Amino acid sequence: MTSYNGTLYALYGTLFTWGLTAAGAAGVFLVPNLSQSMLNLSLGFSGGVMLAASFWSLLQPALEAAGEQGWGAASCVPVTLGLLAGAGFVLAADLLMPDDLVEKLTGKKGDVIDKKSGSKDVSYTVSSAEGLRNRKPQFPSATTEPTIPSPEEESSHNMSRLRRLILLVIAITVHNLPEGLAVGVGYASVGRPGVSLQQAHNLAIAIGLQNFPEGLAVSVPLRAAGFSPLHSFLWGQASGMVEPLAGILGAVCVSVVERTLPLALSFAAGAMIWVVCNDIIPESRGRMCSLGLMVGFVLMMCLDTSLG
């Protein structure tokens, strides 16, 4: 063990977890052009994956880490602070992100996004400069004809969708930061009482396998919204690029990182829960969304609980 380099192992381990994120995102190449119903299904799947990961991958370990640090019955205090900070971070990003930045990041404009709509029973009204971000569904009666959105309304709706997809990528990326830190801490802790190299390997493998559906949860909604398969894949794998950097940081600054893990884990959970409730669910609708959410939730729950 005299030649053991925890930082180098942390880099290898997090490159592995990033690779599985990319492998999951590559599933978008197997997906044909998608309809509105498939967009709803894919968004629901993403929401289910994120909700399950928020608890089993983030909040539960955060509470356990806080307990190990001596918080005892007050373990919920740092976790709550991190949770609220994460939600506030995403809210601030949404409010402060200008439309031209969204266009630069996505390479698309609100009025040219490929929007395939398969639903004819819901129309939308625009009541403010925010466009359809705060849209209200109106279900036409037998005597009411559905409202056809104007080009300006359609452009506003598409820009709103682009913003939501960007926030989805941000939330998954933020969620990968503490996971990379955890892998780095795991490898740096090898040699301590009760911590073996095999245990560090097992942690990296478990996180990597959990990252596979997360990569898919980013790339498929992007593809369904009109992005090219390559563009969707690049965004999906990019969400995991932070893990090698976080892994090195976790290995080098292990003592500091260990103390901040409850906050970091719960911060990521808050960001993901906010995006699911404020962006993913409002963007999709119907039974396909509910079906996708249940499938994603169950899949991620099984991975998290079986892999530990």
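Is Leu307 buried, partly exposed or exposed, judged by its relative accessibility? Leu307 counts as partly exposed, because its relative accessibility is 33%, and partly exposed covers the range between under 20% (buried) and over 50% (exposed). The model described here is predicted.

**Overall layout**

The protein chain has 308 residues, and 47% of them count as buried. Ten helices and two strands make up its elements. Read from the N terminus, their order is α-α-α-α-β-β-α-α-α-α-α-α. When contacts between residues at least 6 apart in sequence are considered, 85% of them join residues at least 24 apart. The accessible surface of the protein chain is about 14100 Å², and carbon and sulfur atoms account for 67% of that surface.

Leu307 belongs to helix α10, which spans residues 287-307. Together with Phe16, Ile205 and Leu209, Leu307 makes a nonpolar surface patch of about 300 Å².

**The nonpolar cores**

The largest nonpolar core holds 47 residues. Within this core, Met50, Met272, Val275 and Ile280 have the most contacts. Five elements are listed as giving two or more residues to the core: α2 (36-68), α3 (76-96), α5 (151-188), α6 (197-224) and α9 (254-283). Helix α5 provides the largest share, twelve residues. Another core, of nine residues, lies apart from the largest one; Ala10, Val190, Ala200 and Ala251 are among its members.

The surroundings of Met272 can be given in detail. Neighbours within four places in sequence aside, Met272 is in contact with Met50, Ala53, Ser54, Leu58, Ala171, Ile172 and His175.

**Salt bridges**

Side chains of opposite charge can pair when their charged atoms come close. Across the whole structure, a search finds three salt bridges.

| Residue | Partner | N to O distance |
|---|---|---|
| Asp94 | Arg163 | 3.3 Å |
| Asp279 | Arg164 | 3.6 Å |
| Arg192 | Glu258 | 3.1 Å |

In the salt bridge between Asp94 and Arg163, Asp94 lies in helix α3 and Arg163 in helix α5, so the pair ties together parts that are 69 residues apart in sequence. Asp94 counts as buried because its relative accessibility is 7%, and Arg163 counts as buried at 4%.

In the salt bridge between Asp279 and Arg164, Asp279 lies in helix α9 and Arg164 in helix α5, so this pair ties together parts that are 115 residues apart in sequence. Asp279 and Arg164 are buried.

The salt bridge between Arg192 and Glu258 also links distant parts of the chain, 66 residues apart: Arg192 is in the loop between α5 and α6, and Glu258 is in helix α9. Arg192 counts as partly exposed, with a relative accessibility of 37%. Glu258 counts as partly exposed too, at 28%.

**Cysteines and disulfides**

A disulfide is a covalent bond between the sulfur atoms of two cysteines. How many disulfides does a search of the whole structure find? The search finds zero. Cys289 is buried, as its relative accessible area is 7%. Cys302 has a relative accessible area of 40% and is therefore partly exposed.

Terms used:
Residues are numbered from 1 along each chain as its sequence is written. This is a predicted model: local features need pLDDT of at least 70, side-chain atom pairs count only at pLDDT 80 or more; totals for chains, interfaces and linings use all residues. Side-chain values use heavy atoms; hydrogens and water are left out. Patches are made of residues with over 30% relative accessible area and no salt bridge: like charges are joined within 9 Å, nonpolar side chains (Val, Leu, Ile, Met, Phe, Trp, Tyr) within 5 Å. Accessible areas come from the Shrake-Rupley method with a 1.4 Å probe; for residues, only the protein chains shown count as cover. A salt bridge is a side-chain nitrogen of Lys or Arg within 4 Å of a carboxyl oxygen of Asp or Glu. Helices (H or I, at least four residues) and strands (E, at least two) are DSSP runs, numbered from the N terminus. Buried means under 20% relative accessible area, exposed over 50%, partly exposed in between (1.4 Å probe, protein chains only). A nonpolar core is a set of buried Ala, Val, Leu, Ile, Met, Phe, Trp, Tyr and Cys residues joined through side-chain atoms within 4.5 Å. Contact means heavy atoms within 4.5 Å. A disulfide is a pair of cysteine sulfur atoms within 2.5 Å.
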